[in-house]
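Hi everyone, thanks for coming.

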Amino acid sequence: MIETEFAVVGAGPAGLSAALEAGRAGVQTLLMDDNQAPGGQLVKQIHKFFGSKEHWASERGIDIGDKLLVQAQKAGVRVMLDTVVWGIFNGGKILAIKQGDRNRQVLAQKILLATGASENPLAFPGWTLPGVLGAGAAQTLVNLHRVLPGTRVLMVGAGNVGLIVAYQLLQAGARVVAVVEALPTIGGYGVHASKIRRMGVPILTGHTVKEASGNAEVERATVVRLDDRGAPLPGAEREFEVDTICIAVGLHPLAELAWICGCQFAYIPELGGHVPVHAENMETTVPGVYVAGDVAGIEEATVAMEEGRLTGVDVARCLGYISDRRAETLRGEIQARIELIRTGPFGDALKEGKEKLIERRG
Amino acid sequence: MRESLSKTGVLTKEDLAQSPGVPSEERMEKGPVAYIECMEEIPCDPCQYVCPKGAITVGKQIIELPVLDEQKCDGCGICIPICPGLAIFVVDKGYSDREALVGVPYEMLPLPKAGMKVHGVDREGKAVCEARVVKLLNPKKFDRTALVYLAVPKELALDVRHFTVMEGEE
C-alpha cells in the first residue's frame, strides 16, 4: 500500500496543475497517469493556445505539458506513469492501481479525478468500416505516432476539434475534402475555420454524413444537406471519394471512477452530458473526492488548468498547509481568471452550465 | 459573430471594413502596417503584449477585439506569429508602383525560398494571382510559425492571404 496525502488521477492540464499547486504548498502529492508520457491531450496539441499570459497563450500545447511537468517535479510531486487507476474504494479513500504487471493500492486523504473526456461516436451506415475514426484518434496518430490515417479525409463536425484536426491533417500532408457540420453554423472559433478555408477546404454547414461505403474499407462518403429541422433533404446527397472519415461531434466526461465511488451526477448538455456535481472548490458530493478539467464538464484546457489549481489550493487548505485567508485570496484570483475565459459568445453557455451544476449541489 | 464567418468561415470585405484592427487605405499606402482579421469575441490577448510600439489594444476584457493604432504600428510583423488564430497579416501598398507586399503566417512544410514563384490564394482558397516570395522570417522566437512576405499585384493586397507553391518550383 502506498500512502499519500493527495492522489491525482490523470496527468493532463488539470491534474498537472492541481499537483503543482498542492506540491508547491507542501502537500505530499502523487500524480498517476495510464499513458507513458504526461500531459494528457496536450501531448498532441501542436497548435498555439489562445488565452492570456497566465494561460500560456501563444505557446504550443505540446510545450505546455512539458513545462508543467518540470514545475510539478520541482514542487516535489511524485509522478507515476504507465499506471492505470482501475478502482476506487472505501468511500473514495483507496485507489486500486495497476503498474506494469503489479496491482497495488493507494491510500490518500484527498483524491482528484482528472480523467478528462472521451469522444462521442456517430452511428451511420458504414460507420464500422476501417477508415472511420475519431478526430482525436486521427490527431494522436498524426501528431504523436507520425502516421497518416489516410490521404483523403472527410471531417464530420466543425467545432474546434474538427477544425483544428483538419488543419493538422493538412499540415501532415493529407487532403481534407470537406468539413461537414449538421448545425446551421460553425461551432468552433472563426479563425480556425478561416485557416482551413484559405487552404482550400470547404466547410458545409447544414450537412451531415449519411453513409460510408467501400469494399472492406472506406472508399466513399455520402454527404447530405439538412433542412431547417435537421432532417435530410431528399435528393441533396453528394459523394466524396475518401479513405478516411473523422468524427468530431463532441466529447463527454470520462467519469467512471466518479460513478464507482458514488458521486452525484447531473445531466448538463452544455458541459457534455452527465457531469459529477461539484462545488466551487471542485469537491464532489463524496467528501475528499474532487473533479477538475473535462471530467467536470467539457471546456478548454485553459479552464482545466484553473480548475486544477482550485483543487490544489483547497487540498492544501484542508490539510493545513495554507491558511484559510491565503486560500481565499488564491481562489479569488483563479475565479477571476475563469470568469474572463467564460465570457463572450463561446463562454456564456459554459458559464450557465457550470452555474446549474453548482446550484444543484448548493 | 459575423454571419458570414459563422456560416462559411470566411470574413467578407464588408465585415473587415468594420474591424477595429484594419488600417486605413491611406496608412497602407504609406508603408507596412498590421492588418488584423480578428472579429470574434474570444478570450485571447497576446497580440497586445507583444507589440513593442503599443499599437494593439485588446482592453480590460480579454474577449474584446484588438484595436489597431495605425499611427503607432510600424508594420514590424512580430504580432503575426504570436496570434494563435493566424489572423494577423502585414500589408504594404507602397511597396512598388505595381506591387504590394503582403506578410502571411505560414505553418506548412517545406518552407518556401525567397524568389520562388507561388500562387497567391484568397480567403476562400482560390488562386487569384501569381505572386513572388520576397523574404521569409522564421527565427526561434516565432516558434515554428514562419512569416512569409509575398509581392502581389497591388489591387489584390487585401485579397491574398495564403499561397501555394507552383509545380516545378519546389
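This is a predicted model: local features need pLDDT of at least 70, side-chain atom pairs count only at pLDDT 80 or more; totals for chains, interfaces and linings use all residues.

**A walk through two chains**

Okay, let's start with a proline. Pro110(B) sits in the loop that links strand 5 (99-106) with strand 6 (117-121) in chain B.

How many helices and strands does chain B have? There are five helices and nine strands. If you read along the sequence, the order is α-α-α-β-α-β-β-α-β-β-β-β-β-β. The C-alpha atoms occupy a box of roughly 50 × 35 × 30 Å along the principal axes. A compact globule of 170 residues would have a radius of gyration near 15 Å, and chain B has 15 Å, so the two agree. As for burial, 46% of the 170 residues count as buried. And if you take contacts in chain B between residues at least 6 apart in sequence, 58% of them join residues at least 24 apart.

Here's another loop residue in this chain. Ala157(B) lies between strand 8 (146-153) and strand 9 (162-165) of chain B. Is Ala157(B) buried or exposed? Ala157(B) is buried, because there are 21 C-beta neighbours inside 10 Å, and the cut-off for buried is 20 or more. Setting aside neighbours within four places in sequence, the contacts of Ala157(B) are Val91(B), Lys93(B), Ala100(B), Val102(B) and Val152(B). Compare that with Cys47(B): this cysteine is 110 residues away from Ala157(B) along the chain, and their C-alpha atoms are 22 Å apart.

Now over to chain A. Chain A has nine helices and 19 strands. Its C-alpha atoms fill a box of roughly 65 × 45 × 35 Å, again along the principal axes. For 362 residues, the compact-globule value would be near 21 Å, and the radius of gyration of chain A is 21 Å, so that agrees too. In chain A, 53% of the 362 residues count as buried.

The bit I'd like you to remember is strand 9 of chain A. Four of its five residues are buried, so to speak mostly covered. Which strands pair with strand 9 of chain A? One is strand 10 (residues 175-181), which runs parallel to strand 9 and is joined to it by five bridges. Another is strand 15 (residues 244-247), also parallel, with four bridges. You can see both pairings at Val156(A): its bridge partner in strand 10 is Val180(A), and in strand 15 it is Ile247(A). Strand 9, helix 4 (residues 160-171) and strand 10 of chain A together form a right-handed β-α-β unit.

Arg146(A) has phi near 60 degrees, which is positive although the residue isn't glycine. You'll find Ala216(A) between strand 12 (207-213) and strand 13 (220-226) of chain A. Ala216(A) has 8 C-beta neighbours inside 10 Å, so it counts as exposed.

Key. Residues are numbered from 1 along each chain as its sequence is written. Chains are lettered from A and ligands numbered from 1 in the order in which they are written. Helices (H or I, at least four residues) and strands (E, at least two) are DSSP runs, numbered from the N terminus. The radius of gyration is taken over C-alpha atoms; the globule rule is 2.2 Å times the number of residues to the power 0.38. A residue is buried if 20 or more other C-beta atoms lie within 10 Å of its own, exposed if 12 or fewer, and partly exposed in between; C-beta atoms are placed from the backbone. Two residues are in contact if their C-beta atoms, placed from the backbone, lie within 7 Å. Two strands pair if DSSP finds at least two bridges between them. A crossover is right-handed if, with the strands pointing away from the viewer, the path from the first strand over the helix to the second runs clockwise.
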